[in-house]
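Hi,

Here is the structure I promised to hand over.

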Amino acid sequence: MDKLLITGGRPLQGAVRISGAKNAALPVMAATLLAPGVHRLRNVPRLRDTQTFARVLELLGAKVVFEDHLLTIDTQSVNSVEAPYELVKTMRASIYVLGPLLARFGRAKVSLPGGCAWGPRPVNLHLAGLQAMGAALDIEHGYIVASNVKLKGATVGFDVVSVGATVQLMMAAVLAQGQTVLENVALEPDVTALGEVLVACGARIEGLGTRRLTIQGVSALRPIDATIIPDRIEAATFAAAAAMTRGKIRLEGVVPGHFEAALRKLEESGCAVQRGADSVGVSGPARPRAVNVVTQPFPGFPTDMQAQMIAVCALAGGTSVIEDTIYFDRFTHVPELARMGARIELKGNVAVVKGVDRLYGAQVMATDLRASASLVIAALAAEGETLIDRIYHLDRGYEALEKKLGALGAQIQRVN
Ligand code: EPZ
């Protein structure tokens, strides 16, 4: 199994081009099921998760070609409505095929996703929303099963802001009979980008960028021809790495507004940040200052940066308080950072981080995607060598990470 060997202590220097966003690519890949045709998606990151989703589409009968960062998906040959447990268990976002299959074929058999490294991640909002649109859904042997479904417009209000449930219902509603109103929707750039892609294919969606969407169902959509937006979490992760290593880097091919909350927190911790039209310069301080963080849905501070921010605060002068209001138990990185000398006390969904002068290299284990990113950036700042195990978690969401960090001067290599 691959591991990452990192020798810390080198400030990151130079420019890095940010890849397309995993969390924007996956819903657009699912949306290709809505229209029989040949779809073209550019700037798709080459990740385990995009390859897994391509696999799901192939199992449904689509023809998928992944050349460099161009994904060509022919959904004319789709002839199955079953998304198997074997794939769904490796990537929860596979559930995104449910809405499009019901909208196009009126039937589906999709495995329930189950939990993840940090606990239960229910899909009740997805199912309740589809049921409100007239889908009779049964749970049989761990599968969501439905047939003879004719989706109808409905008004659905989400108790909790959910990225997944929002995109699921958007995709179901664009081909449904009549009007759907979605209230308290997610505003993440991935959601708005999906909406813009669907509108470009002939969908009728009003209110994008607001918490209320009005969707008028249409009879058919044109194939997708779109470019995936840049990955704001990858960009913010590199910015945090600069903050921890006294680095001076330039993030290229980004939309600064997509990760403004993270940039503001890094500025609060002492970073100098220059925002350009499609680039951001970040210079790390001699030593980060302690900051308090509360994660929230976009445009708030993203939970997907919580672990990386804990790593930054582990080296800060002073005590930081970091609360995750989205996932109450997303702290599997804490004991691993403690192995590197971090002083973090967990109280429910709050981490109290007492900054230390230095971190030390150690053998640590990645437990999920963003937890592993926090270990990588901690290792870049630590004294000595760190060996990170189970980096397949990283490969799910960071494209060519060690190559990009190496180009910024990091001492990093993949070892088997
Ligand atoms: C998306 O997950 C992202 N994944 C996650 O990023 C991200 O952490 C999360 O949004 C929050 O920003 C993708 O985009 C593929 P949610 P999702 O539905 O859609 C509760 C990464 O690291 N909820 O917005 O699964 C849920 O438990 C990944 O790239 C319900 O209660 O998240 C959570 O507390 C990890 N019932 C909250 O809503 C539901 O039916 C937000 O979850 C759905 C969600």
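Below is what turned up, beginning with the ligand and moving on to the helices and the backbone.

Some ground rules: this is a predicted model, where local features need pLDDT of at least 70 and side-chain atom pairs count only at pLDDT 80 or more, while totals for chains, interfaces and linings use all residues. Residues are numbered from 1 along each chain as its sequence is written, and side-chain values use heavy atoms, with hydrogens and water left out.

**The ligand**

There are 22 residues around the ligand, and those that come nearest are Asn124, Ser162, Val163, Asp304 and Ile326 (near means that a heavy atom of the residue lies within 4 Å of the molecule). By class, this shell has 11 nonpolar, six polar and five charged residues; here Ala, Val, Leu, Ile, Met, Phe, Trp, Tyr, Cys and Pro count as nonpolar, Asp, Glu, Lys and Arg as charged, and the others, Gly among them, as polar.

Four helices each supply at least two residues of the shell: α1 (22–31), α5 (124–132), α6 (163–173) and α12 (369–381). The most comes from α5, with three residues. Helices (H or I, at least four residues) and strands (E, at least two) are DSSP runs, numbered from the N terminus.

For Val163, a backbone N or O atom lies 2.7 Å from a ligand oxygen. Taken alone, the ligand exposes 820 Å², and the protein buries 86% of that (Shrake-Rupley method, 1.4 Å probe).

**Helix packing**

Helix α4 (residues 98–105) packs against α6 at an angle of about 10°, with the axes 8 Å apart; axes are lines fitted to C-alpha atoms over the stretch in contact, and angles run from 0 to 180 degrees between N-to-C directions. The two are therefore roughly parallel (angles under 35 degrees). Leu98, Gly99, Pro100 and Ala103 in α4 meet Gln168, Met171 and Ala172 in α6, contact meaning heavy atoms within 4.5 Å. This contact has five nonpolar, two polar and no charged residues.

For α1 and helix α2 (residues 48–59), the angle is about 5° and the axes are 10 Å apart, which makes α1 roughly parallel to α2. Their contact has seven nonpolar, one polar and two charged residues.

**Backbone**

Most residues other than glycine have a negative phi, and most peptide bonds are trans. The peptide bond from Phe298 to Pro299 is cis, with omega near 10°, and Pro299 lies in the loop between β18 (293–295) and α10 (306–314). Asn148 has a positive phi, near 50°, in the loop between β9 (143–146) and β10 (155–157).

Best wishes

Methods. Polar contact = N/O pair within 3.5 Å; in protein donor to acceptor, adjacent residues only side chain to side chain. Parallel < 35°, antiparallel > 145°, perpendicular 65-115°, else oblique.
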